[in-house]
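Please view the sequence and the structure together while reading.

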Amino acid sequence: MKISEFIDPKGIKLQVALADQNDAIDQLIALHDSVGNLKDVAQFKEAILAREAKGSTAIGNGIAVPHGKSAAVAKAAVTAITCPAGVDYKALDGKPSNLLFMIAAPEGGADTHLEVLSKLMTMLMDASFCKTLVEAKTVDEFLGLIDKKEAEKDAASGVKATSGNKKIVAVTACPTGIAHTFMAAEALELKAKELGIGFRVEKDGSAGAKDPLTAAEIAEADAVIVACDKNIDMSVFDGKKVVLASTKDAIHTPEKLFEKAETAAVYHHTGAVTKKADDSNETLGRQLYKHLMNGVSHMLPFVIGGGILIAIAFLLDDYSIDPSNFGSNTPVAAWFKTIGGGAFGFMLPILAGFIAQSIADRPGLAVGFVGGLLASTGATFANPGGAIPSAFLGALVAGFAAGYFMKWLEKVCDVLPQSLEGIKPVLIYPLCGITVIGIIMCAINPIVGALNAWISGVLTGMGTTSLIPLGIILGAMMATDMGGPLNKAAYVFGTAALAEQNEVGWMIMAAVMVGGMVPPIAIALATLIFPKKFTVAERKAGPVNFIMGFCFITEGAIPYAAADPLHVIPSLMVGSGVAGALSMAFKCTLMAPHGGIFVFPVVGHAVLYLVALAIGSAVSCLLLGLLKKTVED
């Protein structure tokens, strides 16, 4: 198959003036939609924005390649725009982009198209070729240049490895495996050929590993370059000189990676399944947030599954039998409560364990699990069996303490003889780590436990009037970035309060969920009531947000917020804040951490909860109608 088979001539616009990155994305998506490449424009835009959130797809040198893999794609395809004046697409080199391709890849089915599309990515590494594309005056000329370059590429593709006295192998990988993976590989291959180095590269793409390295090739290599933006299996490189880098490094400074290969340290596998690319350029705040989210994302399935089962137990039980044993009075209720409680009980160990694993890889996992367990039991020096649980805050401390201690311990153990290398992961790391985290948790549990008790006492003692401002804040946070740090912070606060298993905690969780349900529902209402405020594509996708909102999937509002953040986000924050305040005022309670309308049967004052949701959604809808500008079709 040829690249041109994936590019409809009507999906190409030349000599375009673009206002900004959002305008570029919208126009490229509109081209896809106009030629029938998409089933759902809004859903595909979510995939594009999600990829951009991981890092700009403008790789520099005037090129941007936004891409997304989604069920919203009807068929694999590419659209293209040339913008001679350039547009700020947040490129890695800070320069404007004037050649933009957008790849739409479908989920499931055969991935044969990815190999063809990867060829386009490697062709874009040729600056002179890109220049001719930008200067093309007609669509036919544009496609003709691609066909000609592809023919040249195919004619030169007979040899999979460059030859030379020195031998280096590499692996490239990016989160989606569509663009940067192959561009990084191409940049390394071109530089190796220029330097006369024997070279082979494995591309860890969306369809799996392409041209995988063999054990013999790795054994014969003088060094290994791992240019990856995601975790890969590093065990196969044990005993080899390894350079860790990102795809950005490979694309822009491949010569530096080959220079580093000369003096790279020998990599010794410590039992970790994966190894991260160098993240030294990330800010401390970004690193801490990434580690926290690794813990939270692994924790949520236990919280949601277990929490809903516990809520079902309360729904099925008879309170009058024994109020002190509510949830377990009847056999059926007790079954749900036991299973749900077992799952819910994993919450703190999982949170701490995967925070530690994100920091120190596999050596941190067991130590973090133990720290989270001790936070849950409340172990102290006086009573190791459990006395003062430090709960959620203690698990956070345990996760970060375990991770950074194990990272330090790995460096300390680097001085040990090579003969002891095999016992590090099975004896030294777990023994030292678990002992130290035990000491740490026994020391901090009384302190953090006392803090928790004080916070719980303050919240419990708050009257309804005092809780209303908290409802406003939590509701507004849920609508601020819809799946981002503030949204996650509010949700995690709600689940932590839920773990206290008291009325105030249930009220907090109710305010959090209603705040998260408002944005999509408000968007859906606004597209119906104020259609002139939205584009045709937004109106078509609008009603889907009713479903997402009722299911507590706040992210349904993201495409609309991204398209007009200054008007949409404040409108949604106000409505969600109103809903959170009303939920608190009505003393609505929620014993489940997720579920939307499906868990309304276990909501305290369910009718008033619906009123809070309706009023909050209506407020946001009206504000959208007032603040958003009329869109001309």
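## Basis of the model

Helices (H or I, at least four residues) and strands (E, at least two) are DSSP runs, numbered from the N terminus. This is a predicted model, in which local features need pLDDT of at least 70 and side-chain atom pairs count only at pLDDT 80 or more, while totals for chains, interfaces and linings use all residues. Residues are numbered from 1 along each chain as its sequence is written, and side-chain values use heavy atoms, with hydrogens and water left out.

## Overall composition

The protein contains 23 helices and 15 strands. Of its 633 residues, 51% are buried; buried means under 20% relative accessible area, exposed over 50%, and partly exposed in between (1.4 Å probe, protein chains only).

## Annotated regions

The unreviewed UniProt entry lists several stretches as "transmembrane region", including residues 387-405 and 426-448. Such annotations may be inferred rather than shown by experiment; their positions follow the numbering used here, and feature names are shortened. In the model, residues 387-405 are 79% helix and 0% strand, with end C-alpha atoms 25 Å apart. Residues 426-448 are 100% helix and 0% strand, and there the end C-alpha atoms lie 31 Å apart.

## Strand β6 and its partners

Strand β6 (residues 97-106) is mostly covered, with 9 of its 10 residues buried. Two strands pair if DSSP finds at least two bridges between them. Strand β3 (residues 63-64) runs parallel to β6 and is joined to it by 2 bridges; Ala64 stands opposite Leu100. Strand β4 (residues 67-70) is also parallel to β6, with 4 bridges, and Ser70 stands opposite Pro106.

Strand β5 (residues 77-87) runs antiparallel to β6, and 7 bridges join the two. Here Ala80 has Phe101 as its bridge partner in β6.

## Salt bridges

The structure holds 8 salt bridges, each a side-chain nitrogen of Lys or Arg within 4 Å of a carboxyl oxygen of Asp or Glu. One of them joins Glu135 and Lys131 (2.6 Å, N to O). Both residues lie in helix α4 (residues 127-135), 4 residues apart, about one turn of the helix. Another joins Glu194 to Lys191, with the closest N and O atoms 3.2 Å apart. Glu194 is exposed at 58% relative accessible area, whereas Lys191 is buried at 15%.

Lys166 forms a salt bridge with Glu262, the closest N and O atoms being 2.1 Å apart. This pair links distant parts of the chain, 96 residues apart: Lys166 is in the loop between α5 (139-155) and β7 (167-173), and Glu262 is in helix α9 (residues 254-263). Lys166 is partly exposed, at 30% relative accessible area, and Glu262 is partly exposed at 45%.
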